[in-house]
Structures are given as C-alpha cells and as structure tokens.
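Reader: I would like to learn how to read a model of this kind feature by feature, with the general idea placed ahead of the particular case. Could we go through it slowly?

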Amino acid sequence: MRKLLFGAWVVFYSSALLLTRKLWTGNYTRSPLARRIFLNALSSSGFNAQGMQEWYRCCPDLLGEKIQPLFLQSQLDEDTQAFLQRSVEKSGWVFTQLYHSVFSTIFSPIISRTSINGFLGRGSMFVFSQNQFHQLLRIGPDWRGKRLLDLGAGDGGVTEVMGSHFKEVYATEVSPPMRWQLQRKNYRLLEIDEWQKTGFQYDIISCLNLLDRCDEPLQLLWDIKKALVPGTGRLILAVVLPFQPYVEIRGRWVRPVQHIHVKGTTWEEQVKNLSDVFSNIGFEVETVTRLPYLCEGDMHQDYYVLDDAVFVLKPQE
C-alpha cells in the first residue's frame, strides 16, 4: 500500500511539474523550434543578447572618485553565450530534470543544495570567461603563475578557467560530492582549516561568492591577506549584490556569526562601501567590474542569474 501511495505521489508530482512549466519565450523556451530560434538569436547577438547586456550595466560616476577609474566595463562574450546555450539545452532534458526535481524534493530537508547538485552533477556556475579573467588581472594568454588557491571551488567549473595559468592548483570545498568532482579533475584538495598553514603562499587566491556564505567573512579576508605572496599576490573576490549574508547548515539558512555591514541600495553604492571595508582590512582595489553570476537551471528555468561585483584586490604594504 505504501509503495502504491508513493508511486501515485510521484506521478502526481511529475504531472504537476510538467503542467506548470512555461513553454514559450525567453528563458522558458521548451518547443524545439522555439528553442532553436532562441539559441540562434543569442548566438547572433540579437534582441536577447542586447537585453543581457543589462547584466553588465554600471554608472561609473556613482562609484566615487576613488573607485571610478578602477572600473572595468565587461560585456557578453562568446564563452558566456556558450554557457547559456548549454544551460538552455540541459533544461530541456525532460526526464533528467524530472528525476533531479524528485531527488531534490526528497533529500533537501537533510542535504544541502550544494551537495544535492554535486550528487546529481548539475548546477555548474559561471562567473567569468577566460578572456574576462585576463582583463581583470591585466595578463596575457601566455602568463604563468606558480600557485592558485580557489576557495569554495564547487565542482571546479570556474577553477578550470583560471587553472591553466598555474603550475599548482589548490582548492577547498566542504561538500563531499563536490569534493569528489574536484578530485576527479586532479585538483589538490585542502581542508578549510589547512590552506592557511601549508608553509607556502599563493600567487592568486580566488574567493568567488563565498563572502556572504561563510560564518566569519572578516577573518577569512585576514587569512587570505596573510596567505598571498607579498607584493605580487592578488585576491579575486566576487560578491553577490545586494549583499545578503546567510550560511547553509543541513538545508537550513542561518545568519553568520560575523557580520559585514554593507551600506547603500544600488550596485554602485554597495561597491563603493565594500571598497572601504576592504581598505580597513588592508586591501587596495586594483580593478572592479560587474558580471552576471550564472548557474545552470532546472525544468522551471533555463538558468539563474545574480548580480556580481568582481574585485581584484592587492594587499597594502
């Protein structure tokens, strides 16, 4: 009887999901013909691509005299379009997405969303393309460094963008399924309380969309500052704005122990205020840009997007 009821629930749940899916236009395209039209429009930088340029919009005059000359204007490029295309295609795999949705519903009360994505091999993130990475650091394609550390690396998708420039690539991640993904890519995994005590320093440390999801963000910034190679070391820091810090614990969201108070209501105001926070810790802003923080979607939405401020920070002497 229990098996019958469970089977009926799965059928009902699946039917409800299928019925509520939006079948047309933009991010919700499901018809193969409409999907192809959408992808062609995206590839040819048509109407949709023009709308996506809003993801990069900034009013530099509002950043203040100190930050305005450091702003780098980014734009939609080929690698970003390719990620969006893959996301659109994956979201159309009906039975795969249906299985993912049922799995998430059953296990989300006891497993974090990050771990669920790791188990299912979905939810890859995109922060910047390789060309955007070069522009941020003001380096060429042939530039090489010794050590990269990617904090909270997830499945390593963004780590790959940076990793080809370094002899040694290190990563941290708390989610066991995501750690398995990183191990498969042969990255050197460090524990979250180990990377500061290795006895060596890093040329680049990336901390991408982690500051609002850790318990002690200020302490994290202090530790990063000490772990960078003096003089030449740089921190690449991505922060979702508006800044809303929460920590995920076994599927629940709670406030962090340590708070960063970010003032302002607009993207520009919060960027300006964050630069003061970084200065108090001992970091100087070298470059800042606005980029979309993209994540693969599901059967409800082809992809998800948040506003990112991406900083390159230099430790002050």
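Author: Let us begin with a definition: helices, of at least four residues, and strands, of at least two, are DSSP runs that are numbered from the N terminus. The model before you is a predicted one, and with that definition the protein has twelve helices and eleven strands. An example of what can follow a helix is Gly 282, which comes just after H12 and takes a positive phi of about 115°. Just after H10, Asn 186 also takes a positive phi, of about 65°.

Reader: How many residues does helix H12 have, and what distance does it reach from its first C-alpha to its last?

Author: Helix H12 runs over residues 267-281, which makes 15 residues, and its first and last C-alpha atoms are 21 Å apart, close to the 21 Å expected at 1.5 Å a residue.

Reader: Which residues of H12 are buried, and what covers them?

Author: Here a cut-off is needed, since a residue counts as buried when its relative accessible area is under 20%. In H12 the buried residues include Trp 267, Val 271, Leu 274, Phe 278 and Ile 281, and among them are also Glu 268, Gln 270 and Asn 273. Their cover includes helices H4 and H11 together with strands S1, S7, S10 and S11. For the protein as a whole, buried residues make up 50% of the 317 residues.

Reader: What should I know in general before I look for a core, and which residues have the most contacts inside the largest one here?

Author: In soluble globular proteins, nonpolar side chains tend to be buried together. In this model the largest nonpolar core has 38 residues, and Trp 195, Ile 205, Ile 224, Leu 235 and Phe 311 are those with the most contacts inside it. The elements that give two or more residues to this core are S3, S6, H11, S7, H12, S10 and S11, and the largest share, six residues, comes from H12. A second, separate core of 36 residues includes Val 158, Val 161, Met 162 and Ile 204.

Reader: Where does Leu 235 lie, and which residues does it touch beyond those up to four places away in sequence?

Author: Leu 235 lies in strand S7 and counts as buried because its relative accessible area is 0%. Beyond its sequence neighbours, Leu 235 touches Ile 205, Cys 207, Leu 221, Ile 224, Leu 228, Phe 283, Phe 311, Val 312 and Leu 313. Ile 205, for its part, is in contact with Leu 149, Leu 151, Trp 195 and Ile 236, among others. Over the protein, among contacts between residues at least 6 apart in sequence, 69% join residues at least 24 apart.

Reader: Let us turn to charge: what is the general idea, and how many salt bridges does a search of the whole structure find?

Author: Side chains of opposite charge can pair when their charged atoms come close. The search finds nine salt bridges, and one of them joins the side chains of Arg 188 and Glu 168 at 3.9 Å, N to O. That pair links distant parts of the chain, with Arg 188 in strand S5 and Glu 168 in strand S4, 20 residues apart. Arg 188 counts as partly exposed because its relative accessibility is 43%, whereas Glu 168 is buried at 17%. Arg 147 is linked with Glu 168 and Arg 188 in a network of salt bridges.

Reader: Which elements hold Arg 179 and Glu 191, and is each of them buried or partly exposed?

Author: The side chains of Arg 179 and Glu 191 meet in a salt bridge at 3.1 Å, N to O; Arg 179 is in helix H10 and Glu 191 in the loop between S5 and S6, twelve residues apart. Arg 179 is buried, with a relative accessible area of 18%, while Glu 191 is partly exposed at 38%.

Reader: What lies around Asp 150, and how far away is the nearest side chain of opposite charge?

Author: Asp 150, found in strand S3, is buried yet has no salt bridge, and the nearest side chain of opposite charge, that of Lys 185, is 9.6 Å away. The side chain of Asp 150 does make a polar contact with the side chain of Thr 159, at 2.6 Å. Apart from its neighbours within four places in sequence, Asp 150 is in contact with Thr 159, Met 162, Tyr 170, Ala 171, Thr 172 and Ser 206.

Terms used
Residues are numbered from 1 along each chain as its sequence is written. This is a predicted model: local features need pLDDT of at least 70, side-chain atom pairs count only at pLDDT 80 or more; totals for chains, interfaces and linings use all residues. Side-chain values use heavy atoms; hydrogens and water are left out. Buried means under 20% relative accessible area, exposed over 50%, partly exposed in between (1.4 Å probe, protein chains only). Lys and Arg count as positive and Asp and Glu as negative; His and the chain ends are not counted. A salt bridge is a side-chain nitrogen of Lys or Arg within 4 Å of a carboxyl oxygen of Asp or Glu. A polar contact is a pair of N or O atoms within 3.5 Å; within protein, one must be able to donate a hydrogen and the other to accept it, and residues adjacent in sequence count only if both atoms are side-chain atoms. Contact means heavy atoms within 4.5 Å. The expected span of a helix is 1.5 Å times one less than its number of residues. A nonpolar core is a set of buried Ala, Val, Leu, Ile, Met, Phe, Trp, Tyr and Cys residues joined through side-chain atoms within 4.5 Å.
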